[in-house]
Amino acid sequence: MKTLTTKIAVIFLILSMASCNTVKRVNDDKLLLTKNNIYVNGEKEQRETVRNLISQHPNSSLLGFNLKLHIYNLATPKPDSSFQAWLYRKEKREQRLNRLLSRKQVIELGKSVAGFNKWLKETGEAPVVINKSKAEKSRERLNLYYNSKGYFNNTVTYSVDTVPKKKKRGEVNYEVTTGKPYFLDSITTKIESEDIDSIYSRYNSRMLIKEGEQFDLSHFEGERERINSILINSGIYQFQPNSSIRFNVLRDTLTANEDYKMPVEIEIDNRHERVGDSLQEMPYKIHRINKVNIFADYTFGLDKEALDSVTYDNFTIYYKDKLRYKPKALTDAVAITPENIYREIDRTRTYRQISSLNTFKYPNIEYLYANDSDDRLNTNIYLTHRPKFSLGLNTDISHSNIQDIGISFSTSLISRNVFRGAETLEVSVRGTVGSSRDASNPKDRFFNISEFGGDIRLNFPRIFFFFDTRKYIPKYMLPETRMSVGSSFQKNIGLDKQSFNTILRYNWTPSYQKKHTFELMNIEFIRNLNVDRYFTVYQNSYGRLNDIAQEYDVDPSYFNEDGNLLIPEGTNQFIREAREGGISGLTPGTDDFRTVSSIEERRRRLSANNLIFASNFTFTKNTRRGASDNTFSQFKAKLETAGNFLSAVSNFIEFDKNEDGKKMIFDVQYSQYVKTELDFIKHWAVSRRNIIAFRSFFGFAIPYGNASNIPFSRSYFAGGTNDNRAWQAYSLGPGRTDARNDFNEANLKIALNLEYRFNIMGSLNGAFFADAGNIWNALDDVTDEDATFTGFSSLKDIALGTGFGIRYDFGFFVIRVDTGFKTYDPAERMSRRWFHDYNFSNAVYNIGINYPF
């Protein structure tokens with residue numbers, strides 16, 4: 001990475017010091033391609049689909065500058081001879097260099113020059129010179145494309161024009177005259193197989209080609225795929241769509257058809273199979289599954305005859321020595337069922353369901369004809385089990401607003417098939433040690449903060465619920481029940497929290513796009529061990545309180561020798577006395593009294609122990625098909641409620657109450673709230689390597705009943721690497737307040753992000769972004785008008801940050817550096833909100849792993 005950065009810096013330095021001639025590597029009789037123009041019936045065509053048909057594109061550019069071309073032009077065509085010519089240009093240069101560096105080092109210098117030139121050529125981009133054969137190829141592609149859209153009489157020509165006042169530069173103009181389009185007339189069928197004819201007639205109303213529509217080849221291709229999908233999932237085995245399905249346009253010559261209408265015949269032939277030396281026609285038939293055999297301990301070369309077997313629910317399970325699994329656990333994972341018709345989707349679902357168990361390697365499924373039958377199939381499913389135990393190790397280095405540097409590690413042990421039902425038990429341990437200048441460090445240790453924790457997770461490949469859910473969540477949806485228990489312990493991080501949690505979660509996936517998660521029980525208990533450190537951790541609150549104390553006649557014992565409030569004795573005594581009216585001039589109704597009360601309310605909330613007894617449901621829809629898909633959307637909706645079960649129990653069991661009348665369990669006030677979140681992400685591919693990414697988020701948590709605010713762990717913050725990058729994490733908001741607290745949080749959040757991503761060269765990418773959003777308090781116990789959301793008028797407090805980023809793609813992860821500028825700051829007075837701190841000295845620099853959304 002360091003070498004790459006150095007090379008980039010050298011390139012930009014050279015480019016800034018010398019003016020590069022763009023066409024210096026273009027021969028005098030050639031033209032550098034600067035632009036492709038496509039005109040369809042006299043109108044300029046801008047659609048990316050059509051422009052991608054052109055086989056030759058101009059050199060890539062960054063903001064109109066051909067960076068890669070200039071890098072390529074920096075390279076010397078013949079570096080070896082050029083170096084030798086330079087070395088011997090002056091009579092004694094070689095001797096001086098040999099004495100200064102040694103002869104061996106001079107030879108290595110020449111190799112370095114050649115190597116650097118090679119790197120320049122590989123990193124850069126050779127000039128794209130107009131090639132007439134490629135232009136002719138592009139013309140043919142355009143002609144075929146418009147043929148595929150029904151313009152069978154189209155004509156395409158091209159011409160090359162030089163660029164005025166620009167030497168050795170040219171443009172290629174493509175002129176397309178489409179002519180009149182052809183439309184589909186009557187649509188008939190000719191189907192050889194009676195079984196296929198019967199199946200097809202049930203689904204022909206869903207045809208993708210319809211009478212009266214303009215001819216479009218893509219519709220015919222889609223119809224072929226539709227027919228194939230219907231047949232292979234309706235019992236037709238070994239169907240051959242490419243050779244068996246034909247679309248016949250019943251016209252000898254299209255030009256003779258003056259009404260521009262084309263009758264179409266859909267022909268589905270029988271399949272052809274080679275028997276000996278002859279090719280025989282075989283009618284397609286509906287096939288049924290005869291037997292399903294599951295080989296539970298399959299290894300290559302295994303003697304099937306030596307295996308034991310057991311029959312369960314019409315399945316036959318073969319095993320060696322001892323069956324390790326409950327039969328039901330195996331049959332539940334198989335979607336292929338005896339006596340059902342053959343369906344390819346059942347094979348796909350079986351692959352998916354068995355793989356999701358995380359117990360077997362990728363299975364092998366084969367179909368064989370049953371003895372003396374031409375329409376019944378035996379199915380063999382071969383399963384190779386994974387190791388009983390597996391161990392995983394992970395390490396990570398991080399940086400955050402809490403720690404200057406942190407080193408984390410985790411290890412997990414997975415035990416498979418715990419109860420012989422393909423269950424998995426995972427035991428994990430994690431830890432982080434870090435360095436923080438803000439944490440107490442009496443022994444002056446570099447690693448002065450730490451956090452350790454562990455989890456136990458038990459996964460079942462089925463739903464355990466109060467009633468049978470198989471009718472609503474069939475096994476093809478990959479149902480899963482997860483039970484987990486975990487705990488973590490912090491030292492020198494905030495108030496040194498201990499947390500304990502237990503979760504009962506259900507997951508199921510109706511399709512590759514959709515996923516449901518229902519947490520029936522999500523219990524979290526948070527205990528603060530060092531509440532006396534509150535004002536040591538939250539320095540902003542301490543500073544405001546200390547400034548107020550300096551203004552009044554306060555007991556001197558509250559202060560240290562430097563005249564500042566002692567922590568915690570002085571701060572606690574001052575707050576108590578002030579709220580009880582014991583300090584002259586500090587009376588209810590004054591701004592200072594309200595500030596002291598606000599600080600104390602926040603201290604009590606953030607230092608209080610929390611008991612959260614919640615349930616939530618999350619729906620996710622993601623249309624992305626693989627990592628290379630750059631045009632997709634993702635929508636996530638979550639609804640969470642907490643405290644309702646305990647509130648219902650309190651009607652029958654009398655709970656203790658605190659001084660505010662709130663009910664407690666084990667001396668802890670339980671939280672009660674309803675929370676909803678909506679998250680939408682959309683990506684558009686502008687070109688092959690340029691992407692526009694958009695994200696919107698809305699979250700609102702409303703306390704009620706036994707709570708007047710939201711626990712810190714369930715609240716929202718703004719700013720940071722994956723949010724509004726012009727502000728540090730926790731430093732934006734709430735509302736138009738100016739980051740008055742060390743960790744600013746609230747219970748309502750709006751976030752909007754827009755990013756344009758583009759390639760610079762190779763694996764180096766760039767981005768321009770705009771982030772908008774903020775957090776507010778709403779319907780809770782915060783009364784500060786500057787921090788609360790009061791309606792549409794509060795939307796003027798949405799902050800805007802803009803900036804740019806550099807990203808390097810390592811393939812399996814991306815490192816990014818983003819620079820954000822405060823474009824609109826709601827914390828400033830109205831006349832100073834726009835572009836007041838829009839400069840590098842006030843910019844925020846973010847380092848992140850992978851893309852923010």
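This is a predicted model: local features need pLDDT of at least 70, side-chain atom pairs count only at pLDDT 80 or more; totals for chains, interfaces and linings use all residues.
**The overall picture**

Let's start with the whole chain. The model holds 17 helices and 33 strands. Along its principal axes, the C-alpha trace spans about 105 × 95 × 65 Å. Of the 853 residues, 43% are buried. Take the contacts between residues at least 6 apart in sequence: 64% of these join residues at least 24 apart.

**Salt bridges**

Side chains of opposite charge can pair when their charged atoms come close. Searching the whole structure turns up 45 salt bridges. Here are three of them, with the N to O distance for each.

| Pair | N to O distance | Accessibility of each residue |
| Glu344 and Arg347 | 3.1 Å | Glu344 21%, Arg347 17% |
| Arg604 and Glu659 | 3.1 Å | Arg604 27%, Glu659 70% |
| Glu755 and Arg725 | 2.7 Å | Glu755 1%, Arg725 1% |

How far apart in helix H12 are Glu344 and Arg347? They sit three residues apart in that helix (residues 344–356), so about one helical turn separates them. Glu344 is partly exposed, at 21% relative accessible area. Arg347 has 17%, and because the cut-off for buried is under 20%, Arg347 counts as buried.

The bridge between Arg604 and Glu659 has its closest N and O atoms 3.1 Å apart. Arg604 belongs to helix H16 (residues 591–607), while Glu659 is in the loop between strand S24 (656–657) and strand S25 (663–665), so this pair ties together parts that are 55 residues apart in sequence. Is Glu659 buried or exposed? With a relative accessible area of 70%, Glu659 is exposed, whereas Arg604 is partly exposed at 27%.

Then there's Glu755 with Arg725, whose side chains meet at 2.7 Å, N to O. This pair also links distant parts of the chain: Glu755 is in strand S29 (residues 748–761) and Arg725 is in the loop between strand S28 (691–703) and S29, 30 residues apart. Glu755 is buried, with a relative accessible area of 1%, and Arg725 is buried at 1% as well. Which residues belong to the network around this pair? Through salt bridges that share partners, Arg725, Glu755, Arg757, Asp771, Arg807, Arg816 and Asp818 are joined into one network.

**A helix pair**

Now for some helix packing. Helix H5 (residues 93–101) packs against helix H6 (residues 103–123) at an angle of about 110°, and their axes are 7 Å apart. On the H5 side, the contact is made by Glu94, Leu97, Asn98 and Leu101; H6 brings in Arg103, Gln105 and Val106. Sorted by class, the residues in this contact are three nonpolar, two polar and two charged.

**Strands and a hairpin**

Strands S13 (residues 364–369) and S14 (residues 376–382) pair in the antiparallel sense over six bridges. Within this pairing, Glu366 has Asn380 of S14 as its bridge partner. The hairpin of S13 and S14 has six residues between the strands, and Asp372 takes a positive phi near 60° there.

Elsewhere, three strands form an open antiparallel sheet in the order S24-S25-S26. Its edge strands are S24 and strand S26 (668–669), each pairing on one side only. S24 and S25 run antiparallel and are joined by two bridges. Asp656 stands opposite Met664 in S25. The loop between S24 and S25 is the one that carries Glu659, the salt-bridge partner of Arg604.

**A buried histidine**

Last stop: His683, which lies in strand S27 (residues 673–685). Why does His683 count as buried? Its relative accessibility is 6%, and buried means under 20%. Leaving aside residues up to four places away in sequence, His683 touches Asn630, Thr631, Phe632, Ile691, Ile692, Ala693, Arg757 and Phe853. One of these, Arg757, is also a member of the salt-bridge network that includes Glu755 and Arg725.

Terms used:
Residues are numbered from 1 along each chain as its sequence is written. Side-chain values use heavy atoms; hydrogens and water are left out. Helices (H or I, at least four residues) and strands (E, at least two) are DSSP runs, numbered from the N terminus. Buried means under 20% relative accessible area, exposed over 50%, partly exposed in between (1.4 Å probe, protein chains only). Contact means heavy atoms within 4.5 Å. A salt bridge is a side-chain nitrogen of Lys or Arg within 4 Å of a carboxyl oxygen of Asp or Glu. Axes are lines fitted to C-alpha atoms, for helices over the stretch in contact, and angles run from 0 to 180 degrees between N-to-C directions. Ala, Val, Leu, Ile, Met, Phe, Trp, Tyr, Cys and Pro count as nonpolar, Asp, Glu, Lys and Arg as charged, and the others, Gly among them, as polar. Two strands pair if DSSP finds at least two bridges between them.
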